Amino acid sequence: MRAVAYFESQPITAETSLVDIDLPKPEASGRDLLVEVRAISVNPVDTKVRVRVKPEGESPQVLGWDASGVVAAVGPEAQFFKPGDEVFYAGVIDRPGTNSEFHLVDERIVGKKPSSLDFSAAAALPLTSITAWEALFDRLHVETPVLGAANAIVIIGGAGGVGSIAIQLARKLTNLAVIATASRPETQAWARDLGAHHVIDHSKPIATQVEALGIGAPGFVFSTTNSDTHLAEIAALLAPQGRFALIDDPKTLDVMLLKRKSISLHWELMFTRALFKTPDMDAQHRILNKVSELVDEGTIKTTLADDFGKINAANLKRAHTLIESGRAKGKIVLSGF
């Protein structure tokens, strides 16, 4: 089967940073599904793993987590799906990625593809939807108000892949006032179009802009990027006993800034359940099925922003380059081989 991989960690500008290869077609066992991949999307985690994770020996490392496709075969213990089913999912970081014609994935982290979307539009959704859902409802528990706080959430990096879904979920499924941050006119317009009540500029002091809205100190902050840079502003703008969740990878984080207000800190990594095979691992199956329903009923929409064409090394290098520039909005997808 065709696949895209790398053999050594290199800058994306290197000629062999990503290469087209052929690999044996895998076989499904246990609760795995063998999925014929029709489309993928690219996430910041793809670029981070490419730079940080050196392949073992001379074995190729296949990246890619988001995928949509058709179930080609199922393992003997599979319960949720059958061959021919259309699915979408985000995989897990300790197994080969989705940048291949066929891919193995545990069915407990797979959902039914939205019937109203084609494979490309569906591939934009899984990783960001799970991340946003878990951050809002499993970590921050936004449905439980912070006493004395404004019933509001600040979503830092609102035009990114995760922020784009978090805005929609918070706007459509809660009664929170949604304050998104974005620094360019086009990303600010994107965040408004997705449903943000207010859009502020994270290249300027955030706390004073939130205060100027006149709604009071928010109970929640969800940070998707540059959390260390914004931490002092986050601590200043949050109400006492507020809740703060983040998903990025700050080298340092001075949590003492949170102590005076007893602000709680919540990490979100959507791979955790699958990595540790937690007892509630199949929650991601249910989350994706719910997301699928929300899309099909028109409550939320795909965050596909750019289609880079066929799944090959050249197009994936273009996608990695745009993501590493920090100027991407929404999601980048590729489809077909």
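I began with L33, which is buried at a relative accessible area of 0%; buried means under 20%, exposed over 50% and partly exposed in between, with a 1.4 Å probe and protein chains only. The model is predicted, so I note that local features need pLDDT of at least 70 and side-chain atom pairs pLDDT 80 or more, while totals for chains, interfaces and linings use all residues. Residues are numbered from 1 along each chain as its sequence is written, and side-chain values use heavy atoms, without hydrogens and water.

I placed L33 in strand β3 (residues 32-42); strands are DSSP runs of E of at least two residues, helices runs of H or I of at least four, numbered from the N terminus. Beyond four places in sequence, I found L33 in contact (heavy atoms within 4.5 Å) with residues including V71, F81, H103 and V110.

S164 is buried, with a relative accessible area of 0%. A polar atom of the S164 side chain lies 2.6 Å from the backbone oxygen of G160. Among the residues that S164 touches, leaving out those up to four places away, I list W190, L194 and T303.

I then looked up aromatic pairs (ring centres of Phe, Tyr or the six-membered ring of Trp within 6.5 Å; planes under 30 degrees apart stacked, over 60 edge-to-face, the rest tilted), and the count was 2. W133 and F137 form a tilted pair, with centres 4.9 Å apart and planes at 55 degrees. Both W133 and F137 are buried. They are 4 residues apart in helix α3 (residues 126-139), about one helical turn.

Key
Polar contact = N/O pair within 3.5 Å; in protein donor to acceptor, adjacent residues only side chain to side chain.
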